[in-house]
Amino acid sequence: QVEFVESGGGLVQPGGSLTLSCTVSGNIFSTNHMAWYRQDPGKARVRVAAISSGGSTHYADSVKGRFTISRDNAKNTVYLQMNGLKPEDAAVYYCNGDTGTYYLRLGLWGPGTQVTVSP
């Protein structure tokens, strides 16, 4: 059973920074492309950043230049460094496999971590 455990969320003022972490159980993490998603209440979950197994990255236009995704395969962990936070970045953030991956096809999600951006 694969488990995703996100952490690092919190309350931050506009312009502030947070670093999210997600640890994944099991021994196939290093071979999976990973992604961070976020979800507002009543809306669909959307992908904001992705990193391939080889370290190539991709960002949604809304976060490009402000967010940085990285991974540590030795720790089965993927990170999301968020700078210049805006009120519209507030959401619950989740990690999972990127589109088409084994992880995502499992349909399992962790509890997520809440990010609140407010003065």
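Tyr102 lies in helix α1, which spans residues 102–106. Helices (H or I, at least four residues) and strands (E, at least two) are DSSP runs, numbered from the N terminus. The model is predicted: local features need pLDDT of at least 70, side-chain atom pairs count only at pLDDT 80 or more, and totals for chains, interfaces and linings use all residues. Residues are numbered from 1 along each chain as its sequence is written, and side-chain values use heavy atoms, with hydrogens and water left out.

Tyr102 counts as partly exposed, at 41% relative accessibility. Buried means under 20% relative accessible area, exposed over 50%, and partly exposed in between (1.4 Å probe, protein chains only). Together with Ile28 and Leu106, Tyr102 forms a nonpolar patch on the surface, with about 240 Å² of accessible area in total. Patches are made of residues with over 30% relative accessible area and no salt bridge; like charges are joined within 9 Å and nonpolar side chains (Val, Leu, Ile, Met, Phe, Trp, Tyr) within 5 Å. A salt bridge is a side-chain nitrogen of Lys or Arg within 4 Å of a carboxyl oxygen of Asp or Glu. Accessible areas come from the Shrake-Rupley method with a 1.4 Å probe; for residues, only the protein chains shown count as cover.

## Six-stranded sheet

Six strands form an open sheet in the order β2-β10-β9-β4-β5-β6, with mixed pairing. Its edge strands, β2 (10–12) and β6 (57–59), each pair on one side only. From one strand to the next the twist averages 25 degrees. Axes are lines fitted to C-alpha atoms, for helices over the stretch in contact, and angles run from 0 to 180 degrees between N-to-C directions.

Two strands pair if DSSP finds at least two bridges between them. Strand β4 (residues 34–39) runs antiparallel to β9 and is joined to it by six bridges. Tyr37 has Tyr94 in β9 as its bridge partner.

## Four-stranded sheet

A second open sheet has four strands in the order β1-β3-β8-β7, with antiparallel pairing. β1 (4–7) and β7 (67–72) have a single partner strand each, so one side of each lacks a neighbour in the sheet. The twist here averages 15 degrees from one strand to the next.

Four bridges link the antiparallel strands β1 and β3. Phe4 has Val24 in β3 as its bridge partner.

## Disulfide

One disulfide is counted, where the term stands for a pair of cysteine sulfur atoms within 2.5 Å. The bond joins Cys22 to Cys95, with an S to S distance of 1.7 Å. Cys22 is in strand β3 (residues 18–24) and Cys95 in strand β9 (residues 91–97), so the pair ties together parts that are 73 residues apart in sequence. Cys22 is buried at 0% relative accessibility, and Cys95 is buried with a relative accessible area of 0%.
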